[in-house]
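Subject: Structure handover

Hi,

Here is the structure I promised to pass on. Please open it alongside this email, and I'll go through what turned up.

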Amino acid sequence: MPLHLCLRHCTSDYSACVSSFMFWDARNTRKAGGDIMGVDVLLLDQKRLGKKRIIAETGAGQHGVATATVCAQYGLECIISMGAQDMERQALNVFRMRLLGAEVRGVHSGTATLKDATSEAIRDWVTNVETTHCILGSVAGPHPYPMMVRDFHAVIGKETRRQALEKWGGKPDVMVACVSGGSNAMGLFHEFVDDAEVRMIGVEAAGFGLDSGKHAAPLTKGDVGVLHGAMSYLLQDDDGQIIEPQLDYPGVGPEHSFLKDMGRAEYYSVTDEEALEVKTCSLTRRFVAFNRVSRLQGIISALETSHALPHLEKLCPTLPDGARVVLNFSGRGHKDVQTVAKYLEV
């Protein structure tokens with residue numbers, strides 16, 4: 001199915017900039033875009049190998065829905081590991097997964113979020129390796145998962161290049177994406193790694209501040225360590241124990257760590273106060289951008305992407321008029337509308 005980009009130019013004024021970016025718009029793709037394509041290929045491979053049982057982790061639920069969809073198509077048993085807190089926040093996607101025939105297992109250990117769901121999925125996999133395969137949804141975890149997920153998501157960058165050349169006559173000047181595990185950003189960045197003139201910017205969640213201990217910004221404030229079979233920047237204490245953020249993954253894909261160390265990509269973080277018109281909670285900081293882009297572009301974005309949007313307030317004044325900027329949307333926000341409505345008391 002064709003992918004649609006809104007290609008326009010950017011001015012140095014932020015209010016105009018938000019309505020004049022190239023938006024990667026996944027509304028015309030099926031389910032979670034790169035997720036569904038990657039899962040489709042992986043499950044075809046596992047069906048060929050004779051594996052009949054598939055297990056996957058999910059946080060926001062998009063990867064879980066994609067996995068459940070393809071398992072239903074190929075007649076495979078599907079088990080989704082999901083943190084209990086995430087199940088409550090993403091009740092709609094939990095229902096969708098169960099509607100598609102998947103067994104959704106709540107994980108109550110640790111902070112009951114994505115890290116714990118990933119640990120449980122890998123634990124199940126190694127216990128039942130003869131009959132089971134694990135489908136990881138981000139560019140984290142052991143090799144070859146970061147490479148495979150990156151390559152499947154690379155359609156984002158390839159399509160961005162094609163349509164930018166077609167509509168702009170050249171490459172983007174700057175590309176921006178939110179980063180948690182990092183799959184959406186890596187899908188955008190990978191195509192342009194060798195184009196040194198194209199700036200690549202990842203934005204992490206700084207929560208209540210990088211010095212508060214309440215953030216999810218391993219690239220800007222973490223240390224190198226090993227988690228789920230990969231070496232990358234992690235949130236950890238002086239003893240190497242993982243510090244678990246409440247809303248995000250405590251690490252990041254190893255290739256993002258490599259791009260940071262070689263200076264090819266820039267990584268920043270956005271605190272609560274930097275994005276708020278009213279100083280309130282961490283979720284509300286995203287709602288300002290969530291509402292703004294919904295009204296200006298007609299795109300209901302995922303809250304993860306809404307977290308990256310406030311960085312434009314810093315970025316746009318530094319760019320010349322006419323700069324060509326890509327802002328990648330990691331997913332649609334239909335899964336988040338109930339959360340937004342609750343906090344905005346709509």
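At roughly what angle do the axes of helix α3 and helix α5 cross? The axes of α3 (residues 62–74) and α5 (residues 91–99) cross at roughly 10 degrees and come within 9 Å. Axes here are lines fitted to C-alpha atoms, for helices over the stretch in contact, with angles running from 0 to 180 degrees between N-to-C directions. Helices (H or I, at least four residues) and strands (E, at least two) are DSSP runs, numbered from the N terminus.

Before going on, some housekeeping. This is a predicted model, in which local features need pLDDT of at least 70 and side-chain atom pairs count only at pLDDT 80 or more, while totals for chains, interfaces and linings use all residues. Residues are numbered from 1 along each chain as its sequence is written, and side-chain values use heavy atoms, with hydrogens and water left out.

Back to the helix pair. α3 and α5 are therefore roughly parallel to each other (angles under 35 degrees count as roughly parallel, over 145 as roughly antiparallel, 65 to 115 as roughly perpendicular and the rest as oblique). On the α3 side, Gln62, Gly64, Val65 and Ala68 meet Asn93, Arg96 and Met97 of α5, where contact means heavy atoms within 4.5 Å. The residues of this contact divide into three nonpolar, three polar and one charged.

For the overall picture, the chain has 16 helices and twelve strands. Of its 346 residues, 58% count as buried (buried is under 20% relative accessible area, exposed is over 50%, partly exposed is in between, with a 1.4 Å probe and protein chains only). Among contacts between residues at least 6 apart in sequence, 68% join residues at least 24 apart.

Now the salt bridges. Side chains of opposite charge can pair when their charged atoms come close. The cut-off used is a side-chain nitrogen of Lys or Arg within 4 Å of a carboxyl oxygen of Asp or Glu, and a search of the whole structure finds 18 salt bridges. Three of these pairs are worth a look:

- Glu120 and Arg123 form a salt bridge at 2.7 Å, N to O. Both lie in helix α6 (residues 114–127), three residues apart, about one turn of the helix. Glu120 is partly exposed at 31% relative accessibility, and Arg123 is partly exposed at 47%.
- Arg161 and Asp195 meet at 2.4 Å, N to O, in a salt bridge. Arg161 is in helix α8 (residues 155–167) and Asp195 in the loop between α9 (183–189) and β8 (199–207), so the pair ties together parts that are 34 residues apart in sequence. Both Arg161 and Asp195 are buried.
- Glu266 pairs with Arg199 in a salt bridge, with the closest N and O atoms 2.9 Å apart. Glu266 sits in strand β11 (residues 266–271) and Arg199 in strand β8, so this pair ties together parts that are 67 residues apart in sequence. Glu266 is partly exposed at 22%, as is Arg199 at 30%.

Arg161 and Asp195 also belong to a network of salt bridges that links them with Lys158, Lys171, Glu191 and Glu197.

Val174 lies in strand β7 (residues 174–178) and is buried at 2% relative accessibility. Leaving out residues up to four places away in sequence, Val174 touches Arg199, Ile201, Leu315, Leu319, Arg324, Val325 and Val326.

Ser232 is in strand β10 (residues 230–234) and is buried, with a relative accessible area of 5%. A polar atom of the Ser232 side chain lies 2.9 Å from the backbone oxygen of Val252. With the residues up to four places away in sequence not counted, Ser232 touches residues including Asp223, Gly253 and Ser257.

Finally, some backbone details. His143 and Pro144 are joined by a cis peptide bond, with omega about 10 degrees, and Pro144 lies in the loop between β6 (132–135) and α7 (145–153). Ala112 has a positive phi near 60 degrees without being a glycine; Ala112 is in the loop between β5 (103–107) and α6 and is buried at 7%. His228, also not a glycine, has a positive phi of about 50 degrees. His228 lies in the loop between β9 (223–227) and β10 and is buried at 15%.

Cheers

Definitions and conventions: Nonpolar A, V, L, I, M, F, W, Y, C, P; charged D, E, K, R; others polar. Polar contact = N/O pair within 3.5 Å; in protein donor to acceptor, adjacent residues only side chain to side chain.
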